[in-house]
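Work through the exercises below with the sequence and the 3D view side by side, and try each task before reading its solution.

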Amino acid sequence: MKFTFVTLFPNLIEPYLKDSILSRAVESNFISYEFYNPRDFTKNKHKKVDDSMIGGGAGMLLFCQPLFDCLDEIKRKDEDAYIIFPLAAAKPFRQNDAKRLANKKNIVFVSGRYEGIDERVIEKYANEVFSIGEYVLTGGELPSLVMADAISRNVQGVLGNEASLDVESYENNLLEAPSFAKPEKFQNLSVIKEYLKGNHSRICDLKFQMSICKTKYYRPNKEKK
């Protein structure tokens, strides 16, 4: 699959894609990416892409023209491009969204800056809008990366062992149970004894119960469906 990042600051995104799992995924052609900079599309002689808000308010907004032209160009090249805006005022991004969106061929993330993006851009081009949490960031680049990472992990071939997807947090609406690595003892701290007995059925049952406990503790209002 392909990720297209619309951003004024591609250097904030690209380094993350050049290391570890996502780098290997790119090298193996499981995923690809490209960048579009709205500043390359502005008709303003000073290369401006932002302006003051109509009706007053602090800060500047990315205005329509550069983004309209940029997104039109992307859609002209790929009419099926799926456009997502990371926004503070949007529905939460969930694991089920990551799994669903992994079936798309080209996802376009449009990163806002300053005080955001003119609402007319969002109304015209957005296929979906997402928030990654109840806080405000300085731009949309980090949310775009977070979503791209979560989606990529669900693309076939990206993970070395895809069975690991079955036991992660948010599968079955539960948080993941505690996990441990060797050695069995470290600084007088031991692993759960049941993990050492080799009874895989018992271990699975225990992990399921611990997942329920962990979910109740960290997500008291989250009910298993």
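**Exercise 1.** What volume does the second largest pocket have, and which residues lie nearest its centre?

*Solution.* The model is a predicted one, and in it the second largest pocket has a volume of about 490 Å³. Its lining is made up of 24 residues, and P86, L87, A88, G116 and V136 are those that lie nearest the centre. The elements that give two or more residues to this lining are β5 (82-92), α4 (119-125) and β7 (128-131), with β5 providing the largest share, four residues. Sorted by kind, the lining of this pocket holds 14 nonpolar, seven polar and three charged residues.

**Exercise 2.** Determine how the rings of F5 and F109 are arranged, and which strands they join.

*Solution.* A search of the whole structure finds ten aromatic pairs. In one of them, F5 and F109 have ring centres 5.9 Å apart and planes at 25 degrees, and because planes under 30 degrees apart count as stacked, this pair is stacked. F5 belongs to strand β1 (residues 2-6) and F109 to strand β6 (residues 106-110), so the pair ties together parts that are 104 residues apart in sequence. F5 counts as buried at 1% relative accessibility, and F109 is buried with a relative accessible area of 0%.

**Exercise 3.** Classify the pair of Y33 and F35 as stacked or edge-to-face.

*Solution.* The ring centres of Y33 and F35 are 5.7 Å apart and their planes stand at 70 degrees, so the pair is edge-to-face. Y33, at 21% relative accessibility, counts as partly exposed, and F35 counts as partly exposed at 23%. Ring pairs link F3, F5, Y33, F35 and F109 into a cluster.

Methods: Residues numbered from 1 in each chain as written. Predicted model: local features only at pLDDT ≥ 70, side-chain atom pairs only at ≥ 80, totals over all residues. Heavy atoms only, no water. 1 Å grid on protein atoms, 1.4 Å probe; cavity = no way out; pocket = protein on both sides within 12 Å on 5 of 7 lines; lining within 4 Å. Points joined across faces, edges and corners; volume = space filled by probe spheres on them. Nonpolar A, V, L, I, M, F, W, Y, C, P; charged D, E, K, R; others polar. Phe/Tyr/Trp six-rings, centres within 6.5 Å; stacked < 30°, edge-to-face > 60°. Buried < 20%, exposed > 50% of the residue type's maximum accessible area, 1.4 Å probe, protein only.
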